[in-house]
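User: Please take a close look at one part of this model, the nonpolar packing, and describe it in one connected account.

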Amino acid sequence: MKKIPTVFMRGGTSKGAVFHERDLPEDRSKWDEIFLKVMGSPDPKQIDGLGGCVSSNNKIAIIKKSERPGVDIDYTVAQVIIDRPQVDYKSNCGNMSSVVGPFAIDEGLVEPKGDITTIHLYNENTNKYLDVDVPIKDGKFDNYGDCSIAGVLGTSAEVKLAFKDPTGAVTESLFPTGNRTDTIDIPGIGEIDLTIIDVSNPLILLRAEDLGFDATELLDEINKKDILEKFETIRGKCAEKIGMVSDWRKAAVETPAIPKIAFLNTPKEYKTLTGELIKTETHDICARVISLNKLHKAYVLTAATATAVAAELDGTVAKEFMKTKVNTGEVTIAHPSGVMKVTPNIQYDGDKVNIIDVAVVRTTRKIMEGHVYIK
């Protein structure tokens, strides 16, 4: 048996294993086999690893001290696929990004300064920069506080993330098709209006009603074979349209994690996964997101940044649901676990849109540290 030092951490509504890059093989082609064994894939039960049988609990973060000017930490996020021997590196995970700063403080990669230390990050998946504000106590990350986020029990210290210049993280364009709304002919469905936007990661935005939904659905209502096949067909056609795959039928294998796909509606009253009543006045948009061919239990953080930016821009599907609200620089999104707030900082220069940053608040917790054993 081989053992590798690791820290298992929750970041926002995701969790996974965090590694120093120095503890992994220099040859990155060997990483996939290691990460699959760490999580116990491919196996829907993941009985022989740390995986949690859903995409959000199958994350890996690889962290090192940066040599880039003005940057403290470089990091890469890996998404372990549950039921296939595959590890995806095409996209960043916003939730797991929130563990990078606390890990860097506790592991001595960054010297803490004051009660809040701002750490400058570089994400190697997307070649984008982030700033993270990390609360400090006695020279270490302070796990305790009164901040709460939807989808996580209890409270912890607030960790604030700012995604800097997140436009075109994968496609190098805010709107990869050149349009704020496209009408695409989908096999078995017909023509459908949608927005494809790339902020932190590419995201497809649909009107819930165009698919017969109202965006208050919970997991059992969406996670059915015929419904998920429709979403995957739409996702595949969009991936083909923006050049991520040559054939839409190959998207599930070649790019399973992105683009993600979300369906939206006006504010609705509904009950969350835990039975909490969400009222219409608490949010701007009711939304659901599909991640790795399953309805997400909350709302993918990078999808939230893209949704919030789209909601502030005329001509997008998301903007249609903001008709009663002027641009305020704050968008609240209701999802299966509750409500989250996203703060896009957008500058306008005539027709040109410049996304300065998009800020979100997360909580983070170290769950365990030690060694993970693999064969």
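Leaving aside residues up to four places away in sequence, L264 touches L205, L206, R207, A208, A215, I285, C286, A287, Y299, T307, A318 and F321; a contact means heavy atoms within 4.5 Å. A second, separate core of 31 residues includes I196, L228, F263 and C286. A nonpolar core is a set of buried Ala, Val, Leu, Ile, Met, Phe, Trp, Tyr and Cys residues joined through side-chain atoms within 4.5 Å, where buried means under 20% relative accessible area with a 1.4 Å probe, protein chains only.

This is a predicted model, in which local features need pLDDT of at least 70 and side-chain atom pairs count only at pLDDT 80 or more, while totals for chains, interfaces and linings use all residues. Residues are numbered from 1 along each chain as its sequence is written, and side-chain values use heavy atoms, with hydrogens and water left out.

The largest nonpolar core has 62 residues, of which I73, I197, L264 and Y299 touch the most other members. Helix α6 (residues 301–311) gives this core its largest share, eight residues; helices are DSSP runs of H or I, at least four residues, numbered from the N terminus. The core lies between domain 1 (2–166 + 363–374) and domain 2 (182–357), because both give residues to it; the domain bounds come from an automatic or database domain assignment. In soluble globular proteins, nonpolar side chains tend to be buried together.

Technical notes: Buried < 20%, exposed > 50% of the residue type's maximum accessible area, 1.4 Å probe, protein only. Helix = DSSP H or I, 4+ residues; strand = E, 2+ residues; numbered from the N terminus.
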